[in-house]
Amino acid sequence: MADLSVDQIKAIRTNVLGAAAKVPGALIGLGVLFIILGMIGVAGQVLFSLISVNVLGIFLFAGGVLQGAHAFKSTGWKSVSVQLVFAVLYIGAAIYVWAFPIPALEAITLWLAAIFFITGFLRLVSAFQHRHFAEWFWLALSAAISILMGVLIMNSFPSSSLWLPGLLIAIELLLQGWSLLFLGFAAKSLTK
């Protein structure tokens, strides 16, 4: 394969980065903001958990209101009553989440543990299906880590429900922040 010229490499990088190459400063700024929020979240996991459950309540309430508005505007449609039931369920769930945030966080934590167990089990099955490849070990290791995460969550349940959702959101913010930051730096290098 022939070596690519600097201009060709620049063109390829610009195509890969797309619109991001045009606004590197915005990506860097968002990355820094997400990193700061993630660090605040790591420092205040319980506060982040409580904020996240309240934001969940806001989304549930908004979804219920929109579902209800849609149902009332759709007179004559056969599913209006079903839509109204969904609206009431969403709004009821929002009120429950706001009135009882700790049990809501416990339910979220159990859901997270279930996700770790299920994904770990499915990865383990996949690893054994691909055991004739040398890299199957990494899939099996990933499965073991997921299952271990589920076990760790359940071993510290229900106390983990106060800090775990906030910690996971904070980690996600940190990862997203670093990704945006490095993407912004890559885009900035194209403008030089």
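**View 1. Gly68 sits in helix α3.** Welcome to the first close-up, taken from a predicted model in which local features need pLDDT of at least 70 and side-chain atom pairs count only at pLDDT 80 or more, while totals for chains, interfaces and linings use all residues. Residues are numbered from 1 along each chain as its sequence is written, and side-chain values use heavy atoms, with hydrogens and water left out. Leaving aside residues up to four places away in sequence, Gly68 touches Leu84 and Ala87, where contact means heavy atoms within 4.5 Å. The C-alpha atoms of Gly68 and Gln83 are 6.8 Å apart, although 15 residues separate the two along the chain.

**View 2. Here is Gln83, a residue of helix α4.** Is Gln83 buried or exposed? Its relative accessibility is 13%, so Gln83 counts as buried. Look around Gln83 for Gln67, Ala71 and Trp77, which it touches when residues up to four places away in sequence are not counted.

**View 3. Helices α3 and α4 pack at an angle of about 160°.** Their axes are 8 Å apart; axes are lines fitted to C-alpha atoms, for helices over the stretch in contact, and angles run from 0 to 180 degrees between N-to-C directions. α3 and α4 are therefore roughly antiparallel to each other. For orientation, angles under 35 degrees count as roughly parallel, over 145 as roughly antiparallel, 65 to 115 as roughly perpendicular and the rest as oblique. α3 passes α4 in a left-handed crossing, a term for a near helix turned anticlockwise from the far one by less than a right angle, with clockwise giving right-handed. In the contact of α3 with α4 there are 17 nonpolar residues, 7 polar ones and no charged ones. In this grouping, Ala, Val, Leu, Ile, Met, Phe, Trp, Tyr, Cys and Pro count as nonpolar, Asp, Glu, Lys and Arg as charged, and the others, Gly among them, as polar.

**View 4. Helix α4 (residues 80–99) meets helix α5 (residues 101–129) at about 110°.** The axes of these two helices are 5 Å apart. How are α4 and α5 placed relative to each other? The angle between them makes α4 and α5 roughly perpendicular. On the α4 side, Tyr96, Val97, Trp98 and Ala99 meet Pro101, Pro103 and Ala104 of α5. By class, this contact has 7 nonpolar residues, with no polar and no charged ones.

**View 5. The largest nonpolar core has 6 residues in all.** Which residues make up this core? They are Val53, Leu60, Ala94, Val97, Ala104 and Leu105. The elements giving two or more residues to the core are α3 (45–73), α4 and α5. A nonpolar core is a set of buried Ala, Val, Leu, Ile, Met, Phe, Trp, Tyr and Cys residues joined through side-chain atoms within 4.5 Å. Ala104 touches Val53 and Val97, again without counting residues up to four places away in sequence.

**View 6. Helices α5 and α6 cross at roughly 160°.** Their axes come within 8 Å. That makes α5 roughly antiparallel to α6. α5 passes α6 in a left-handed crossing, and by class their contact has 17 nonpolar, 7 polar and 1 charged residues.

View 7. With a relative accessible area of 37%, Leu110 is partly exposed.

**View 8. A cis peptide bond joins Phe157 and Pro158.** Omega is about 10° at this bond. Most peptide bonds are trans. Where is Pro158? Pro158 lies in the loop between α6 (136–155) and α7 (160–191).

**View 9. Leu33 has its place in helix α2 (residues 24–43).** Leu33 is partly exposed, with a relative accessible area of 43%. The C-alpha atoms of Leu33 and Gly177 are separated by 7.1 Å, though the two are 144 residues apart along the chain.

Definitions and conventions. Helices (H or I, at least four residues) and strands (E, at least two) are DSSP runs, numbered from the N terminus. Buried means under 20% relative accessible area, exposed over 50%, partly exposed in between (1.4 Å probe, protein chains only).
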